[in-house]
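Biologist: I have a model open and would like to go through it with you. Can we start with the ligands and then move to the helices?

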Amino acid sequence: MRKELQPRKIIVLGGDGFCGWPTSLHLSGLGYQIVIVDNLSRRQIDEECQMNSLTPIQPIGVRLDAWEEVSGQRIAYYPLNVAEDYEGLLEVIRQEAPEVIIHFAEQRSAPYSMKSSRLKRYTVDNNINATHNVLCAIVESGMDIHLIHLGTMGVYGYGTAGMEIPEGYLEVEVAGVTGERLRQEILYPTNPESVYHMTKSLDQLLFLYYNKNDKLRVTDLHQGIVWGTHTRETLLDERLINRFDYDGDYGTVLNRFLIQAAAGHPITVHGTGGQTRAFIHIQDTVRCVQLAVEHPPEAGDRVLIMNQMTETHRVRDLAALVSRLTGCEIAYVPNPRQEAAENEFHVKNNLFLSKGLLPITLNEGLLMEISDIAHKYAKYADSSKFPAMSTWTRQQQPGILPVAEGTL
Ligand code: NAD
Ligand code: USQ
């Protein structure tokens, strides 16, 4: 009975990317009809920056044919810019009539978003227009579509809150006009640390508005840093392999440390490495998105926000762990970012745990990642791409002024 209530067709915006590709395969493997929309801008950025995924990702057409061969399922694909081609997006939605749209289609690197005025503006234009176009198109289509968006833990900011970060909403008590105490729940105050993270904070307001005004059903997943490469489906055939970014702009911290260690390069810890962040394995990402598809908000519910993370770690502890496992050196380098030197970070993730998520921990997954991806592909790494060169302020640029206080 419950099965018949499950959605059958899902549009995955950004389905060629690091999270979107394995999610598309996972959901297709479960029997959902998947339609990918992607303008391949991430592959173009690689060309622009003369970078490549460490793993040999195949052109989208080869990927889709390989999946059909392996699974018997055909995933449809539309090359379309969600931020610029509103009419095209609306047409795809009308034609495909999905029950769910999963929105991964944003520029997702914080360092890339800070590199220049051009890239700050690109990130804002791309991310905000993409999100707003999707919301408008759902309303204009008149269909009851559940929108699932990939947001970020970074909307909460990385100060020390002194409490567990709740799932999106904060209970507050304020004084009323006659002095009585009033209790309310508000969106957790945002405190983004990069232009990229700021776009995710702005996305939240767009969701709040369209949920209130048009009663759209929206789930916003505040995801931590994703690590790992493979999922069960991407392992089925090498042509299905997922991308692996390791450069200073797109590589995320743990995956970078693993490849640096395997390539014999010192692990680049920014500043004191006192930053505590939230993490999740890519296999758990695809499982969480599945759980979000299977547990939609009801009509009239407020935006459902879930923290999509499984553990928190301090950057220098991760470096020490990778160093212990591989014997590589650690290099403490000047921090190119403007961020607190040290922070405590405690996060609630009860909503996913209550829906059946069984997290993969760093302890289980790390050795496999080292022996499989790191050793197999490290020889293809270009070590000139290891340093993170994008600085948060002009003052931090080497040769202009001294590095900002508190970031070393
Ligand atoms: P990615 O860059 O690998 O994938 C994004 C995909 O979207 C790319 O294939 C890109 O070509 C496409 N895209 C971007 N703009 C588009 C547009 N205007 N029209 C059509 N397609 C467009 O990034 P990812 O790591 O897969 O991240 C996916 C989402 O998850 C992002 O929104 C990101 O903010 C979020 N997220 C990622 C992480 C992480 O650690 N990777 C962590 C938290 C949240
Ligand atoms: N760091 C190092 N050394 C490195 C690289 C990073 O010490 O070589 C530090 C950074 O200074 C930072 C932390 O590691 O304190 C995390 O950096 P990151 O690049 O792994 O993560 P971030 O920039 O926050 O962005 C990534 C994804 C983004 C997602 C976010 C989730 O690129 O799309 O939204 O993780 S979160 O961090 O939870 O907001």
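**Ligands and helix contacts**

Modeller: A polar atom in the side chain of Asn 81 sits 3.0 Å from a nitrogen atom of ligand 1. Keep in mind that this is a predicted model.

Biologist: Noted. How far is the side chain of Tyr 196 from an oxygen atom of ligand 1?

Modeller: The distance is 2.6 Å, taken from an N or O atom in the Tyr 196 side chain to an oxygen atom of ligand 1.

Biologist: And Ser 41, which part of that residue faces an oxygen atom of ligand 1?

Modeller: The backbone. A polar backbone atom of Ser 41 is 3.1 Å from an oxygen atom of ligand 1.

Biologist: How many residues surround ligand 1, and which are closest?

Modeller: There are 28 residues around ligand 1. The closest are Cys 19, Asp 38, Asn 126, Tyr 196 and Lys 200.

Biologist: Now ligand 2. Which residues come nearest there?

Modeller: Thr 152, Tyr 158, Tyr 196, Thr 268 and Glu 339 come nearest, out of 24 residues around ligand 2.

Biologist: What about the polar side-chain atom of Arg 337, how far is it from an oxygen atom of ligand 2?

Modeller: That one is 2.8 Å away. For His 270, a polar side-chain atom is 2.8 Å from an oxygen atom of ligand 2. His 197 also places a polar side-chain atom 3.1 Å from an oxygen atom of ligand 2.

Biologist: Okay, helices. At roughly what angle do H9 and H13 cross?

Modeller: Roughly 50°, with the axes of H9 (residues 253-262) and H13 coming within 10 Å. That angle makes H9 oblique to H13. The crossing is right-handed.

Biologist: Which residues of H9 and H13 meet?

Modeller: From H9, Leu 254, Leu 258, Ile 259 and Ala 262. They meet Leu 362, Leu 366, Glu 369, Ile 370, Ala 374 and His 375 of H13. By class, the contact has eight nonpolar residues, one polar and one charged.

Biologist: And H11, how does that helix lie against H13?

Modeller: The axes of H11 (residues 315-326) and H13 (residues 362-377) come within 12 Å and cross at roughly 50°. H11 is therefore oblique to H13. H11 passes H13 in a right-handed crossing.

Biologist: What meets what between H11 and H13?

Modeller: Leu 318, Leu 321, Leu 325 and Thr 326 of H11 meet Leu 362, Leu 366, Leu 367 and Ile 370 of H13. Seven of the residues in this contact are nonpolar, one is polar and none is charged.

Biologist: One more pair. How do H5 and H7 cross?

Modeller: H5 (residues 86-96) and H7 (residues 117-141) have axes that come within 9 Å and cross at roughly 50°, so the two helices are oblique to each other. H5 passes H7 in a right-handed crossing.

Biologist: Which residues make that contact?

Modeller: H5 contributes Tyr 86, Leu 89, Leu 90, Ile 93 and Arg 94. H7 contributes Asn 133, Val 134, Cys 136, Ala 137, Glu 140 and Ser 141. The classes are seven nonpolar, two polar and two charged.

Terms used:
Residues numbered from 1 in each chain as written. Chains lettered and ligands numbered in written order. Predicted model: local features only at pLDDT ≥ 70, side-chain atom pairs only at ≥ 80, totals over all residues. Heavy atoms only, no water. Axes fitted to C-alpha atoms, helices over the stretch in contact; angles between N-to-C directions. Helix = DSSP H or I, 4+ residues; strand = E, 2+ residues; numbered from the N terminus. Parallel < 35°, antiparallel > 145°, perpendicular 65-115°, else oblique. Left-handed = near helix turned anticlockwise from the far one by under 90°. Contact = heavy atoms within 4.5 Å. Nonpolar A, V, L, I, M, F, W, Y, C, P; charged D, E, K, R; others polar. Near = heavy atom within 4 Å. Polar contact = N/O pair within 3.5 Å; in protein donor to acceptor, adjacent residues only side chain to side chain.
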